[in-house]
Amino acid sequence: MTARPRLTLLLLTLFAVAALLGAPLAGSHDISLSDVLRGEPTAAAIFWQLRLPRVLLALLAGAGLAVSGLGFQTLFRNELAEPYTLGVASGAALGAVLALRLEESAALIGLPVVALASFAGSLGATALVVGLALRRRDSATSTLLLAGIAVSLSCSAIILFLQYLSDSTQTFRMVRWMMGGLSVVGYGEVLWVLPWVLGGAVLMLVLRWDLNLLLLGEELAASRGVDLGRLRLKVLLATSLMIGALVAVAGPIGFVGLMVPHILRRWVGHDHLYLAPACVLGGGAFLVLCDLAARTIMAPAELPVGVLTALLGGPFFLWLLIWRSRG
Amino acid sequence: MTAPLLTASGLAWDAGGRTILGPLDLEVRAGESLVLVGPNGAGKTTLLRLLTGLLQPRSGELAWQGQPYTDLSRRELARRIAYVPQIRPSRVPLTVEEVVLLGRYPHLSAFKWAPRPEDFAAVDEAIRRVGVEDLRRRRVDELSGGERQAVYIAAALAQEAELLVLDEPTIHLDARHQSDLAGLLLRLAGESGRTVVLATHDLNLASLLGDRLLALEAGRILASGRPAEILRPDVLERLFRARFEIVRDGERPVTMLRLDPAAQASEKVGTT
């Protein structure tokens with residue numbers, strides 16, 4: 001298949017706009033766009049207050065997850081790398097769960113503490129995994145993924161321990177949050193996530209030549225003038241902060257960062273000039289649709305969107321592993 | 001004699017406490033073709049990586065026209081020195097054109113939306129000179145070893161650096177591709193103003209190409225001189241611990257490895 005980057009970007013833009021406008025209309029109670037535009041009070045309230053912020057958050061979260069997946073994959077030249085498989089999301093989750101637990105006892109203010117803790121968690125996990133992989137001086141699939149698994153398992157164990165120590169209401173909150181969801185949001189969360197995701201995406205675009213060069217291998221990239229140390233630092237910092245910010249509001253949502261860049265590479269090609277914006281649009285639209293499905297499949301009950309993406313992503317990951325071992 | 005383009009003094013590198021290279025002094029003069037020869041593990045690749053600035057020397061200094069490497073950024077160095085490492089077959093999902101365009105990296109600005117016309121002109125020129133016009137839109141990892149090597153050389157040419165450094169360009173190539181590539185390298189080295197430093201196991205390529213040969217053994221310079229001064233049975237025997245015959249004598253001698261299993265079994269040759 002030949003890549004058609006411009007055409008694909010155009011289609012993805014249309015797709016994202018359609019998802020952004022269409023998704024808020026559907027749900028446990030369908031509303032019509034004309035009612036919203038006419039200012040019919042119930043429809044307008046549902047559209048503007050309940051559903052639009054949620055859809056916007058899904059768009060940003062999907063975009064951020066896909067872009068950070070792309071960043072990890074290019075940096076390590078490894079298609080299986082993404083925030084979830086590298087343990088970065090688990091690190092952020094551990095930080096956030098710790099904060100949730102402390103929040104109850106210390107009665108601290110909400111978002112900032114959880115967010116800071118989740119930043120610390122994601123940065124810590126990234127440093128650990130990357131440190132381990134670079135120490136071995138290879139970013140071979142096995143080293144990287146094993147380090148990611150080790151960090152993930154350790155974080156999960158500590159999270160379970162914290163849940164065990166908590167009372168049942170607290171535990172329920174934590175478990176529910178760990179499933180990843182976009183249910184209780186307003187515009188505050190949207191505005192909070194926006195700069196991190198936007199910053200990360202713009203950085204990828206600015207660094208497009210460096211990232212493209214990395215596709216040829218680290219030695220060639222360095223010989224062409226890429227400062228590898230600084231490039232790694234920039235990309236890892238941007239992706240970790242994105243994941244930290246997203247996990248703080250939406251919990252860990254897995255596999256979007258794995259699936260979206262992989263599929264888009266086939267349509268857009270490998271040039272980060274097109275791939276980065278494609279991940280923003282495609283990842284965003286993808287998570288909006290997943291969230292739409294999550295809140296309509298079992299309506300009026302809601303499926304946590306993280307469960308849905310993991311249901312899709314697990315088999316995809318397996319398929320990738322098998323397909324790679326053949327290629 | 002022209003002024004040195006590149007000067008190395010007291011250059012040394014070690015790994016895990018074991019000295020890999022040096023200390024050695026070296027000058028590369030503008031316009032010359034310098035060929036490194038020596039057995040496996042002699043430090044040829046290490047020396048090339050030091051000269052390109054990819055490795056930081058453990059001791060000693062490197063300077064480009066008198067300016068220390070430490071004063072130059074990676075990008076500035078890349079505008080002066082282009083490197084073609086040993087190319088291992090790997091999945092590179094880019095086309096020939098894209099790979100060659102990436103050679104322009106040290107001249108590109110991250111904040112310009114698209115490469116400038118002169119970047120595309122340099123790419124066209126590099127592709128033409130290497131003779132891979134027909135392959136422009138093919139994916140690099142679908143090419144043969146020889147074609148791929150040529151593409152990476154084109155990318156290095158697009159970099160428009162004064163010094164071209166190549167590590168074992170003919171390795172893993174069959175006879176026909178070796179001969180094609182030798183022709184290409186001869187053409188490039190013959191261009192006025194181009195300086196080439198190259199490491200190779202192919203002594204005949206070294207003979208044809210080198211204005212000067214540098215015999216490297218166990219990280220030290222064993223001998224340095226014109227091809228006729230280095231490609232002699234006594235020097236080669238000390239260098240490789242194997243016997244060579246001069247098939248054709250002259251300024252650019254042709255040598256041949258003498259395979260004499262019976263004699264060598266009794267002497268126990270070459271343990272590196």
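Predicted model: local features only at pLDDT ≥ 70, side-chain atom pairs only at ≥ 80, totals over all residues.
## Helix α7 of chain A

Let's start with α7 of chain A, which covers residues 168-178 and has A:Met174, A:Trp177 and A:Met178 buried. Look down the axis of α7(A) and these buried residues fall within an arc of 100°, so they line one face of the helix.

Just after α7(A) comes A:Gly180, with a positive phi of about 80°.

## Where chain A touches chain B

On the chain A side, 17 residues are in contact with 20 residues of chain B. Two elements of chain A give two or more residues each to this side: α9 (208-214) and α10 (218-223). Of these, α10(A) gives the most, with four residues. By type, chain A's side splits into nine nonpolar, five polar and three charged residues.

## The nonpolar core

Now for the largest nonpolar core, which has 186 residues. The residues with the most contacts inside this core are A:Leu57, A:Ala61, B:Val100 and B:Ala154. Helix α3 of chain A (residues 41-76) supplies the largest share of the core, 15 residues.

What does A:Ala61 contact, leaving aside its neighbours within four places in sequence? The list runs to A:Leu182, A:Val193, A:Leu246, A:Ala250, A:Ile253 and A:Leu287.

Terms used:
Residues numbered from 1 in each chain as written. Chains lettered and ligands numbered in written order. Buried ≥ 20, exposed ≤ 12 C-beta atoms within 10 Å, placed from the backbone. Arc of directions from axis to C-beta. Contact = placed C-beta atoms within 7 Å. Nonpolar A, V, L, I, M, F, W, Y, C, P; charged D, E, K, R; others polar. Core = buried A, V, L, I, M, F, W, Y, C linked by C-beta atoms within 7 Å.
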